[in-house]
Amino acid sequence: MTQLDKEVPVQKAELPELEILYRDEHFIAINKPSGLLVHRSFLDKHETQFAVQMLRDQIGQHVFPLHRLDRPTSGVLLFALSSDAARDAGSLFSDNKISKRYLALTRGFAPEQLFIDKPLKEKHDKIADKFADNNKPPQEAQTDIRCLFQASLPIAVGKFPSVRYSLVECWPKTGRKHQIRRHLNGINHPILNDVNHGDNTQNHFFAEHFACARLMLFASDVYFMHPYTNQTIHIHASLGEQALSIFETLGWPNEESDYFAKED
């Protein structure tokens with residue numbers, strides 16, 4: 001089994017202190033590394049590192065995760081610093097007062113702009129979800145996407161005479177499990193190095209050609225209305241040197257600021 005046949009954990013020795021992106025008396029946000037679990041899971045009984053425990057130990061107080069990020073996805077992860085703040089932050093999600101922006105490197109030339117409105121049926125794990133209702137109908141799922149950059153390499157891979165890539169900006173309107181990954185795969189533009197919802201032939205080429213096996217999905221920005229100050233908070237997570245190096249190789253900008261969300 002190769003690295004691309006499973007979602008690979010980050011080894012303990014490789015993890016420095018978590019990068020803190022934002023902090024006030026009520027909330028804190030980190031740039032979660034790819035490969036790090038948010039919290040303990042039945043699926044990874046032998047894993048010893050989790051964002052919740054690492055952040056708790058790093059700042060010396062309990063933290064309460066307000067949303068999820070898949071293990072292989074990196075980027076902004078928001079926590080409350082008290083159970084009261086966690087409760088009060090519930091309205092951020094129920095009243096649509098929080099927006100999340102992702103960047104995804106996908107196969108093929110993605111459409112310039114598209115609103116994906118496709119319900120998703122929950123996919124259950126045999127172990128973790130063995131008591132879940134398998135007859136539950138598909139849930140509403142919506143994602144706005146916009147293609148930012150495109151690139152082509154004159155290399156034949158699989159049935160394709162050349163390799164084409166797109167960098168896609170994604171704004172999920174709902175929060176279903178693997179929503180962005182499944183929606184992009186559903187329009188034939190899977191995310192590179194997506195083991196569960198991707199193109200394994202393209203994944204292996206990408207991993208070898210760019211020496212990169214991580215999922216190319218980044219939770220780049222979070223906006224929310226602060227429940228206590230009523231101010232709009234914008235938190236941005238850097239993409240990292242590896243991603244910027246790959247983007248530069250594809251002929252795209254090599255400055256982090258070029259990938260910030262553009263104000264309308």
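Trainee: Arg107 and Asp199 in this predicted model: buried or exposed?

Mentor: Arg107 is buried, and Asp199 is buried too. That label requires a relative accessible area under 20%.

Trainee: What makes Arg107 and Asp199 a salt bridge?

Mentor: Their side chains meet at 2.6 Å, N to O. The cut-off is within 4 Å, so the pair qualifies.

Trainee: Why does this pair tie together parts that are apart in sequence?

Mentor: Arg107 lies in strand S5, while Asp199 sits in the loop between helix H4 (179-186) and helix H5 (200-210), so the pair links parts 92 residues apart in sequence.

Trainee: Why is Arg87 called exposed?

Mentor: Its relative accessibility is 55%. Exposed means over 50%, so Arg87 passes.

Trainee: And why is Asp84 called partly exposed?

Mentor: Asp84 has a relative accessible area of 42%. That falls between the 20% and 50% limits, so the label is partly exposed.

Trainee: How do you know that Asp84 and Arg87 form a salt bridge?

Mentor: The N to O distance is 3.1 Å. The limit is 4 Å, so the pair counts. Both residues lie in helix H2 (residues 83-88), three residues apart, about one turn of the helix.

Trainee: How many salt bridges does this rule give?

Mentor: The count is 10.

Key:
Residues numbered from 1 in each chain as written. Predicted model: local features only at pLDDT ≥ 70, side-chain atom pairs only at ≥ 80, totals over all residues. Heavy atoms only, no water. Helix = DSSP H or I, 4+ residues; strand = E, 2+ residues; numbered from the N terminus. Buried < 20%, exposed > 50% of the residue type's maximum accessible area, 1.4 Å probe, protein only.
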